[in-house]
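Visitor: I am new to this structure and would like to learn how to read it. Could you walk me through a few features?

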Amino acid sequence: VALSDLIEIQEKRVPSQITREDQQYVRWVSFEYKGPYKYGDQFVDATIKATALLSGYKFDRSFSFFFLSEKSKQSMLWLALVALVIVFMVTSSLYESFVQPLIVIVSVPLSLIGLFLAFYLTDTPFGRGGYASVMLLIGIVVANAIVLVDYVGKHFSAARPSTDLLIQSASERLRPIMMTSLTTIGALVPLLLWSDATSVWYSLALGAIGGMVSSTLLTLVVIPILIALQYRLQKGE
């Protein structure tokens with residue numbers, strides 16, 4: 001009996017690694033859809049209904065909204081890097097220092113915590129509005145950080161640093177920071193309430209509000225601590 005009569009050898013493309021979750025094999029299927037999210041969801045639902053699965057297989061869309069195409073990831077990364085470089089160049093020229101601008105830029109990742117958490121908790125697709133909210137937050141949250149860094153830095157340079165002085169300086173800047181944050185959030189609330197959940201404006205408002213909330217709360221705590229650490233390192237304490 002010839003071996004070719006018993007078996008058939010074919011060359012096919014397979015993944016570079018085998019992914020398993022809860023002792024089950026997992027295969028991610030993704031695509032890029034340009035258009036309103038609701039039509040993309042309708043297309044996915046229709047495709048799932050029209051696809052016949054073998055016994056033991058099932059579809060799971062629980063995390064489908066959070067995956068981005070490689071092109072979108074690269075575009076977002078480059079835009080964010082350019083914005084951060086511009087912020088660093090402007091603040092370093094004003095402060096005539098390289099350390100204080102870095103402390104200011106720390107407020108950006110603090111805002112991203114609330115931004116991504118808002119999208120995750122509301123199960124909202126992170127699309128073009130999410131990208132726009134990241135760019136918007138880079139420009140807004142650094143303004144609050146600059147106000148705090150400038151004020152706390154002046155007090156620390158004029159007196160011996162202490163915990164009480166740190167708390168006092170941060171509390172005195174609480175009002176202007178809260179005014180900036182609340183007015184920004186208030187201006188975005190109408191977009192969040194009266195925009196379609198699948199529109200760009202909804203995701204823009206959602207991401208910006210989430211980022212402003214986390215940045216405002218964390219900046220008042222993290223930035224003064226970093227300034228105190230900078231002062232102690234400079235003084236060798």
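Predicted model: local features only at pLDDT ≥ 70, side-chain atom pairs only at ≥ 80, totals over all residues.

Visitor: Which residues does Leu226 touch, leaving aside its neighbours within four places in sequence?

Guide: With those neighbours left aside, Leu226 is in contact with Ile103 and Val106. Look at Leu102 as well: Leu226 and Leu102 are 124 residues apart in sequence, yet their C-alpha atoms are 10.0 Å apart in space.

Visitor: Helix α8 also holds Ser214. Is Ser214 buried or exposed?

Guide: Buried means under 20% relative accessible area. Ser214 has 11%, so Ser214 is buried. Setting aside neighbours within four places in sequence, Ser214 is in contact with Leu110, Ser111, Ile113 and Gly114.

Visitor: Now the rings. How many aromatic pairs does the structure hold?

Guide: The structure holds one aromatic pair. To read such a pair, check the angle between the planes: under 30 degrees counts as stacked. The ring centres of Phe88 and Phe98 are 6.1 Å apart and the planes are at 20°, so this pair is stacked.

Visitor: Where do Phe88 and Phe98 lie?

Guide: Phe88 is in helix α2 (residues 70–95), while Phe98 is in the loop between α2 and α3 (99–105), so the pair ties together parts that are ten residues apart in sequence. Phe88 is partly exposed, at 23% relative accessible area, whereas Phe98 is exposed, at 61%.

Visitor: Which ring has the charged end of Arg173 over it?

Guide: That is the ring of Tyr151, with the charged end of Arg173 at 4.4 Å from its centre. Elsewhere, Arg20 lies over the face of Tyr25, 4.7 Å from the ring centre.

Visitor: And how do I read a pocket?

Guide: Rolling a probe the size of a water molecule over the atoms shows where empty space is left. In this structure, the second largest pocket holds about 180 Å³ of space. Twelve residues line this pocket, and the closest to its centre are Met76, Leu77, Ala80, Leu112 and Val134.

Visitor: Which helix gives the most to the lining of the second largest pocket?

Guide: Helix α2 does, with six residues. α2, α4 (107–122) and α5 (128–158) each supply at least two. By type, the lining divides into eleven nonpolar residues, no polar ones and one charged.

Note on methods:
Residues numbered from 1 in each chain as written. Heavy atoms only, no water. Phe/Tyr/Trp six-rings, centres within 6.5 Å; stacked < 30°, edge-to-face > 60°. Helix = DSSP H or I, 4+ residues; strand = E, 2+ residues; numbered from the N terminus. Buried < 20%, exposed > 50% of the residue type's maximum accessible area, 1.4 Å probe, protein only. Lys NZ or Arg CZ within 6 Å of the ring centre and 35° of its normal. Contact = heavy atoms within 4.5 Å. 1 Å grid on protein atoms, 1.4 Å probe; cavity = no way out; pocket = protein on both sides within 12 Å on 5 of 7 lines; lining within 4 Å. Points joined across faces, edges and corners; volume = space filled by probe spheres on them. Nonpolar A, V, L, I, M, F, W, Y, C, P; charged D, E, K, R; others polar.
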